Structures are given as structure tokens and as C-alpha cells.
Amino acid sequence: MIKNIIKLDLYTARPGFNWVAMLIQFTIIGLVFGFTRNMIVPVFVIMMIMDGFVALPFSLGEPAKMDVLYTTLNIKRKTMVIGRYCYAGFIIVCTTLLSLLLVGISWGVEWVFEIYLGAQGALYVLLLYFVICIFMQSVLLPFYYKFTIIKAGPISYIPFYLIMLGSFFLINFNYDLFVRLVNFVTTPSNLPWVIAIVLAVLAVIVYISFRLSVRFYTRREFS
């Protein structure tokens, strides 16, 4: 059932996968890379484009009243949410693998031809954006299920504003703690601990996000 729902979401999002627009975007990415000879910008742009693909089943499905169809087909709301989260995970993983492939190719070119392409920096950007993307989607999805994607826009970014304000106050009012945190994260010997902590925190965030989405979607009425 989950596999079929992922296919249904991909079918719903299909009009958003405009190959002409994607070709133009990748052409621009190629031109930027040609001028800068740095893989960081292409990786960053590709991951940003991916964010839009995650939201496509909402932005295209809601005007088409796909939720009414799901209700008519008597598909459990929880099952639909599971499928939507799996769809989001599928898009994130595929885009990350594409970016990782580009980073790997640039790393190989650096090693063989001794041409600097910023592969190491691009890898750091990729890993950071991967974590940020999972966090952002985990925050946004419950808002989409609660208010619909059309109404959720301004409200859904409130948590990010609060996080930015919290980070600002942390840096300015407890700078020593911020420095110690940065030193801990950037120390190579602490890398396994950093990865474990990040994965554990992300798992908790995704689980809370999923439970909220199920609750909100279950209580919504469609007509």
C-alpha cells in the first residue's frame, strides 16, 4: 500500500517535474560551475531545487482536491501520511545521491588532473544542507497538514524565525558556549559523536513531526 501511495504522490507531482524548466536550471548550474569552477554552488542550488519537489504533492494535489479522492477511496489517513513522508524521503535521498555523484566526479577530477573544484567544501555543504532539509521538511509538513500548504505559508516559518533569534542570542550573550560548541563539532576525533547526536536528534524530530501530521490530518474535514 505504501509503495502505491508513493507512486500516487509521484503521479500527482508529475506536472511539477517540468523537463524544460529543469533543463534550463541545470544549464544555469553548468554555466555557474563553468565560471566559478567550484562545485559548492551547483550542489547548493540542486539541494534548494529539491525542496520544491518535496512540496509538489501538496501544492498540486490540494487545488485538484486529491484529499477528497483519498477519502472516497477509503485510504486510512495515517497510511497517507506515511506514504507522503516516504515520498519526501525518496526525493531527498535521490537528490542527495545525485549531488554526491557530482561531488565524487569533481573529487576524481581534482585527484587525476590536479584542478581545484572545491569538492571537499561541496561535500560539507551537501551534508549540512541534507541535515537542514530534513529538519525543515519535518517542521513544514505538520503545518501543511494542519492549515493546507496555501494557508501555511507565513505561519510555517515562525519556528525558523525563533531558531534564528535563539541562535543570535546564544552567540551574543553566551559566546563562549557557542565557541565550545563549534570547536566540538569541528574536531575530527569528535566526528562519530557528532554524527550520532545529529542522527538521534533528527530521528526524534522526524518522529514528532510524523505524529503531529497524523493527528492534524486525521482531524481535517474535506468537502
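By the rule used here, the count comes to one cavity of 30 Å³ or more. Before I go on, please keep in mind that this is a predicted model.

I'll stay with the cavity for a moment. The space in the largest cavity is about 90 Å³. Which residues line the largest cavity? They are P57, F58, G61, E62, M66, D67, Y70, M80, R84, Y145, Y217 and R220. Two or more residues of this lining come from each of α4 (56-61), α5 (66-72) and α6. Sorted by class, the lining of the largest cavity has seven nonpolar residues, one polar residue and four charged residues.

Now some background on the chain. How many helices and how many strands does the protein chain have? There are ten helices and zero strands. Along the principal axes, the C-alpha atoms fill a box of roughly 60 × 45 × 30 Å.

Next, the second largest pocket. Its space comes to about 360 Å³. The lining of this pocket is made of 16 residues, and those lying nearest the centre are F17, W19, M22, F53 and I91. At least two lining residues come from each of α2 (19-36), α3 (40-54) and α6 (77-113). Which helix gives the most to the lining of the second largest pocket? That is α6, with five residues. By class, the lining of the second largest pocket holds 13 nonpolar residues, two polar and one charged.

Two of the helices on that list, α2 and α3, also meet each other. The axes of α2 and α3 come within 9 Å, and they cross at roughly 160°. Angles over 145 degrees count as roughly antiparallel, and α2 and α3 are therefore roughly antiparallel to each other. The crossing of α2 past α3 is right-handed.

On the α2 side of the contact we have M22, Q25, F26, I29, V32 and F33. On the α3 side, the residues are V41, P42, V45, I46, I49 and F53. By class, the residues of the contact of α2 with α3 comprise eleven nonpolar, one polar and no charged.

Two of those names came up earlier. M22, on the α2 side of the contact, and F53, on the α3 side, are both among the residues that lie nearest the centre of the second largest pocket.

That's what I have on this model.

Conventions:
Residues numbered from 1 in each chain as written. Predicted model: local features only at pLDDT ≥ 70, side-chain atom pairs only at ≥ 80, totals over all residues. Heavy atoms only, no water. 1 Å grid on protein atoms, 1.4 Å probe; cavity = no way out; pocket = protein on both sides within 12 Å on 5 of 7 lines; lining within 4 Å. Points joined across faces, edges and corners; volume = space filled by probe spheres on them. Helix = DSSP H or I, 4+ residues; strand = E, 2+ residues; numbered from the N terminus. Nonpolar A, V, L, I, M, F, W, Y, C, P; charged D, E, K, R; others polar. Axes fitted to C-alpha atoms, helices over the stretch in contact; angles between N-to-C directions. Parallel < 35°, antiparallel > 145°, perpendicular 65-115°, else oblique. Left-handed = near helix turned anticlockwise from the far one by under 90°. Contact = heavy atoms within 4.5 Å.
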